[in-house]
Amino acid sequence: RLRAVFPVLIAYHGWWKDWRTHPNGSYWTSGWASGMDNQTRIPHSEYHHRHFSWIDANTQQALNCCVLLDIGNEIGRDEFNDALIAEYEHLKTFINTEMWDETTRFYYDSAPDGTLSDTKSIGAYWAMLSEVVTEERAGHLMAHLDDPASFNRPHRIPSQAYGSSVYNPDGGYWLGAVWAPTNYMVLRGLTRRGYHKLAFEIALNHVKSIAAVFETTGTLWENYAPEHLQPGKPAGKDFVGWTGVSAINVPIEYLIGVQQGDKTDLLWNIRLTERHGILRYPLSPSIYVDLICDCRADAQERPKLTITTQKSITILVIYGDDSQQLVLSAGEHRVYI
């Protein structure tokens, strides 16, 4: 699959570089603010890019360089490596010199005269996932996620910061609504940078919020209001589409805490205290594992696990500040951490 799609992905990346860059090598995209239709970042961008450099377009293309490098190295296609590395480093430098505001400590779209947009958008958090952000600046971005004046609202995370002049408490589409794809992007960026506690807190708030709306409306919605437990206004209903991420991926990866490991088959980060787990987690299309954690009196109690696997497996179990790597043969195991 990777060998088949790699040439197409390289060509598509090249198309973006040929047709969606300014002379300084920075990116813009078509339509309303990189798909965030009515967000007030760039004046009338539905008609023209206004010669702005767009923060999400640049950080997304930096991420794309990393992904293409990974694919190329996996399949033995390294002839594009030098160009991709050079572009990544160029974008990283541009983003951090031209798109960062030290006063507010946030990334913004950059106008052709060098001034910055005054709209604080969730799109800036692609900088976390693409790893163009420095450790110090990553800390500042995290502070905005915890700040009620920015993104820490009753339903996290609004797509436009609470302090924006046109912030809409009912959502108003991209003027503040909570969207599954951007929430998941932020969570993956937090994971990549090691901010696991904050990722859990945001995920728990988000899942509880959409579950509450599901209980009253009987369905999933395109987006959600940031200030109230209700669908966004406007929002499409029966919208499993990307909101399915919030009903499947987010609970599995961030509440139950099961993710694919870097050096082990699985990573299981245990934070919930009620009995929880997942049955028939697919290690491959035909190999499954069951993972159950017993109820605990509090988060300090050491977990008791029941793990059933169809093949030998290594699992890194994280609980609080401790961790333990398990090496299990095929069969059922009762494990006392």
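## Close-up views of aromatic pairs and helix packing

The structure holds 13 aromatic pairs. The model is a predicted one.

**View 1. The edge-to-face pair of F6 and F80.** The ring centres of F6 and F80 are 5.9 Å apart, and the planes stand at 65° to each other. F6 belongs to helix 1 (residues 2-19), whereas F80 sits in the loop between helix 2 (55-75) and helix 3 (81-98), so the pair ties together parts that are 74 residues apart in sequence. F6 is buried, with a relative accessible area of 0%. F80 is partly exposed, with a relative accessible area of 28%.

**View 2. The edge-to-face pair of W15 and W16.** The two rings lie 5.9 Å apart, centre to centre, with an angle of 80° between the planes. W15 is partly exposed at 37% relative accessibility. W16, at 18%, counts as buried, because the cut-off for burial is under 20% relative accessible area.

**View 3. A cluster of linked rings.** Ring pairs join Y173, W174, W179, F239 and W242 into a cluster.

**View 4. Charged side chains over aromatic rings.** The charged end of K120 is placed over the ring of F106, at 5.8 Å from the ring centre. R280 lies over the face of Y288, and here the distance to the ring centre is 3.9 Å.

**View 5. The contact of helix 8 with helix 9.** The axes of helix 8 (residues 240-247) and helix 9 (residues 249-256) come within 3 Å and cross at roughly 20°. Helix 8 is therefore roughly parallel to helix 9, since angles under 35 degrees count as such. On the side of helix 8 the contact is made by G244, V245, S246 and A247, and on the side of helix 9 by N249, V250 and P251.

View 6. The buried residues are V250, P251, E253, Y254, L255 and I256. Just after helix 9, G257 adopts a positive phi of about 90°.

Methods. Residues numbered from 1 in each chain as written. Predicted model: local features only at pLDDT ≥ 70, side-chain atom pairs only at ≥ 80, totals over all residues. Heavy atoms only, no water. Phe/Tyr/Trp six-rings, centres within 6.5 Å; stacked < 30°, edge-to-face > 60°. Helix = DSSP H or I, 4+ residues; strand = E, 2+ residues; numbered from the N terminus. Buried < 20%, exposed > 50% of the residue type's maximum accessible area, 1.4 Å probe, protein only. Lys NZ or Arg CZ within 6 Å of the ring centre and 35° of its normal. Axes fitted to C-alpha atoms, helices over the stretch in contact; angles between N-to-C directions. Parallel < 35°, antiparallel > 145°, perpendicular 65-115°, else oblique. Contact = heavy atoms within 4.5 Å. Nonpolar A, V, L, I, M, F, W, Y, C, P; charged D, E, K, R; others polar.
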